[in-house]
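Work through the exercises below with the coordinates open. Try each task before you read its solution.

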Amino acid sequence: MMFGNINSSGAVIDELENGTVSDILLPNQTGRVQKVAVDIGGSLAKVVYFTTTEAGGRLHFQAFETDNVEKCVAFIKTLLGSREDSSDPPVIMATGGGAHRFGDLLRSELGAEIRVEDEMQSLTTGLSFLIREVTDEVFTYSQDKPMQFVNAGSEDPFPYMLVNIGSGVSILKVTGEGQYERISGTSLGGGTLWGLLHLLTGVQSFDDMLEMTKTGDNTRVDMMVGDIYGTNYDKIGLKATNIAATMAGVYRKSLGKQYSEADIARSLLYMVSNNIGQIAYLNAQLHGIRHIYFGGYFIRGHPLTMHTLSYAIDFWSKGQMRALFLRHEGFLGATGAFFNDETRADDAQRARRRRHPRTRTYSFTENFSVAQSIAGAESVGALGSLDRQPAALEALPQLVDTSQHAYEPDTVDLASNVDQQTYWIQAMERNTRGLMQMATDGTLPYQGDLQRMQAFGKLYLRHLRRLREQPLAYGPMSVRALLGLREQCLHEVGLHDIFAEVKRRETDAALRQLPQTLAAADALDSADALRLLVHNVLAGNMFDWGASELRGEIADGELDFAGARDRITWQPRFDSSAEFVRKALDAPYRRAVVFVDNSGADVCLGVLPLARFLACQGTTVVLAANSRPALNDVTEPELVGIVGRVSAMDGRVRQAVEQGRLVVCGTGSSGPCLDLRMLDERLVGQCADVDLVVIVGMGRAIHSNYRARFACDSLKLAVFKNQMAADAAGARIYDALCLFETGISAEQAD
């Protein structure tokens, strides 16, 4: 069956014999292939290809063993059969040694022009692209602190060192875009481990070799410091458990070591990884570089490999450096080959203009609805495809994100809080089954057939199973991540806006009530009116189909606007409305951005009347809405229509629109939460001189951005509509959050 741009026939979630979930695949996609790049190394061939979709486009990743290169060629041939433009001969961007070795094969089998890209250039281009574009791409790893994610894209990444571990090892120093040199390398790489283990154990598969290391004990093979000294050698910082000599323990009869093939495998893995780590540290020290990235398909998300490299860097640098890893580590070369021509075009345009403008007018976001393990069941994470967004995504200019006040969009880290993690996964499971039941019984009048909803349910519930087993598989686990993944799964099966009819119906009802709401506020003095309008925003925010506690009442029509306002409770610690009212009336703001939430009563009876009041005070108000649907959240196109309808019935709104003091803009996002580092550049342009940031809704102001600080004044308005979220904040369910904060000065931010 065809769902949107995806053919879901044959869709599977690979499951291992022990019951753990591996890859979630929807293999029969129908997007038109626009461009293909391949990186053929000594061990593996990696393919990166781009397909166009209704929403823009998608970057995909696939890998094959080089020994089976014919499978890789057959796969590319299939891709070329669905090219967007088949009038001209296809062009394949190729890099790696295999681009030369297998060039004739590629040309003859594919009938394509093979455009060979420099391998080192491709590696650095690929890494720079992933750091810049993919949130939570970079992480550190150790056995006691697995997968600690690093926001490497928030600062200038240069200079950095890339240690690319394939069959051999290349070490590159990168000082800027396209500026690199190979400063070192070693022949002791992944191929060394592969070859020695094959000779010593006869194992054929690299994954089987890594599997062997899990049960091995290298102390049965290696000579340890304790074997020599009987204890630690504290004077020079060596523990008894440190390796003194690889495999030297087997010839010392007095040690009486008995060993297995698994012990040999673990010893050799330590040998190769430790040596690479030491060589990397020495080069970083020599060149004064602190950021050391490890890439190449040798790593493959393997916990023991990453732990060993991390330990080596930490040990030799005395804790001053960290080993940095990437989730798309094996695809650096192929990704770079894919983008090299764009990078060259960017460089040429910058050279002509001499002002270094941003020439790329789009960004990528990761989509985990179709996800695969980095490699094998034991890999610590997974990688998704990359969806191209129609505009560049940038940070809100007023967002404070410094070493003293680092911005973290998520309020609760579910991976480190088992109780919260269990609750939210179970809550999302209940929520999903509830959506499916609403679709079945007709409570949710959506455009789509029941099979699509069932396909969504199966897909999303299986993702939740994976996250229960591997909480960090898709990056940091948070409520924002779970909600965003749900929307991705809905869109993937072609359910792009399941609440469209609900939103239309609720908006019509709210607009009928709007004149009465406006009249009530207009009859009051400014202070009382503003207080009422703030209360109305919170009352409107109760109409949230994503809140399980309220969904039944909303669906049955039992919750009205006055009743919603009366149910809200107030605690002094969450209420600074008086301070906001005083500040807003003493010195009206020049320009405000309001991040809106739900359609219907929320935006019509809550947000728009508040925006109208501010506009009448002389404030230019930018209403920022989702660019694409998420549950019953209002979207930018819908909000433009709503503002137009309100303008027809209210002169003050009409005047504000005509004078450019009420503007609607898309955020660039499509989820119930908000990452303020990733906003549509057009919205960011509208926010250049904003002196008030208003964030509305539980998803945007409680689940995310609860701790966000700004260089200007801010107001967060939401209701705690979930018991667990309330408990985490020390609130009660249905408590109001009206948090007003003055801006942080530059001195405070630094």
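**Exercise 1.** Which residues in H14 meet which residues in H15?

Solution. Keep in mind that this is a predicted model.
- Step 1: locate the helices. H14 covers residues 500–522 and H15 covers residues 526–540.
- Step 2: list the partners. Thr517, Ala520 and Ala521 come from H14; Ala529, Leu532, Leu533 and Asn536 come from H15.
- Step 3: sort them by type. The contact of H14 with H15 holds five nonpolar residues, two polar and no charged.
- Step 4: H14 and H15 pack at about 145°, and their axes are 8 Å apart.

**Exercise 2.** Classify the packing of H5 and H6: what is their orientation to each other?

Solution. 
- Step 1: take the angle. Helix H5 (residues 190–201) and helix H6 (residues 206–215) pack at about 75°. Their axes are 10 Å apart.
- Step 2: apply the cut-off. Angles of 65 to 115 degrees count as roughly perpendicular. H5 and H6 are therefore roughly perpendicular to each other.
- Step 3: name the contact. H5 supplies Leu193, Trp194, Leu197, His198 and Thr201, while H6 supplies Phe206, Met209 and Met212.
- Step 4: sort by type. The contact of H5 with H6 has six nonpolar residues, two polar and no charged.

**Exercise 3.** Describe how H11 packs with H13, starting from the angle of their axes.

Solution. 
- Step 1: take the numbers. Helix H11 (residues 418–441) and helix H13 (residues 479–492) pack at about 25°, with axes 11 Å apart.
- Step 2: classify. Angles under 35 degrees count as roughly parallel. H11 and H13 are therefore roughly parallel to each other.
- Step 3: The crossing of H11 past H13 is right-handed.
- Step 4: list the partners. In H11 they are Trp424, Ile425, Met428 and Asn431; in H13 they are Val479, Leu482, Leu483 and Arg486.
- Step 5: sort by type. The contact of H11 with H13 divides into six nonpolar residues, one polar and one charged.

**Exercise 4.** Is His703 buried or exposed, and which residues does His703 touch?

Solution. 
- Step 1: His703 belongs to helix H23 (residues 698–703).
- Step 2: check accessibility. The cut-off for buried is under 20% relative accessible area. His703 has 10% relative accessibility, so His703 counts as buried.
- Step 3: collect neighbours. Leaving out residues up to four places away in sequence, His703 touches Pro409, Asp410, Thr411, Trp424, Val479, Cys673, Met698 and Ala725.
- Step 4: link back to Exercise 3. Trp424 and Val479 are among the residues that His703 touches. Trp424 in H11 and Val479 in H13 are also among the residues where those helices meet.

**Exercise 5.** What does the side chain of Glu366 make a polar contact with?

Solution. 
- Step 1: Glu366 sits in strand S20 (residues 363–373).
- Step 2: check burial. Relative accessibility is 12%, so Glu366 counts as buried.
- Step 3: find the side-chain partner. The side chain of Glu366 makes a polar contact with the side chain of Arg327, at 2.3 Å.
- Step 4: look at the backbone. The backbone nitrogen of Gly384 lies 2.9 Å from a polar atom of the Glu366 side chain.
- Step 5: widen the view. Beyond four places in sequence, the residues that Glu366 touches include Val134, Thr135, His328, Leu383 and Gln488.

**Exercise 6.** Where is Pro609 found, and which residues does Pro609 touch?

Solution. 
- Step 1: Pro609 is in helix H19 (residues 601–616).
- Step 2: check burial. Pro609 is buried, with a relative accessible area of 2%.
- Step 3: list neighbours. Beyond four places in sequence, Pro609 touches Leu514, Leu518, Leu533, Val603 and Cys604.

How values were computed:
Residues are numbered from 1 along each chain as its sequence is written. This is a predicted model: local features need pLDDT of at least 70, side-chain atom pairs count only at pLDDT 80 or more; totals for chains, interfaces and linings use all residues. Side-chain values use heavy atoms; hydrogens and water are left out. Axes are lines fitted to C-alpha atoms, for helices over the stretch in contact, and angles run from 0 to 180 degrees between N-to-C directions. Helices (H or I, at least four residues) and strands (E, at least two) are DSSP runs, numbered from the N terminus. Angles under 35 degrees count as roughly parallel, over 145 as roughly antiparallel, 65 to 115 as roughly perpendicular and the rest as oblique. A crossing is left-handed if the near helix is turned anticlockwise from the far one by less than a right angle, and right-handed if clockwise. Contact means heavy atoms within 4.5 Å. Ala, Val, Leu, Ile, Met, Phe, Trp, Tyr, Cys and Pro count as nonpolar, Asp, Glu, Lys and Arg as charged, and the others, Gly among them, as polar. Buried means under 20% relative accessible area, exposed over 50%, partly exposed in between (1.4 Å probe, protein chains only). A polar contact is a pair of N or O atoms within 3.5 Å; within protein, one must be able to donate a hydrogen and the other to accept it, and residues adjacent in sequence count only if both atoms are side-chain atoms.
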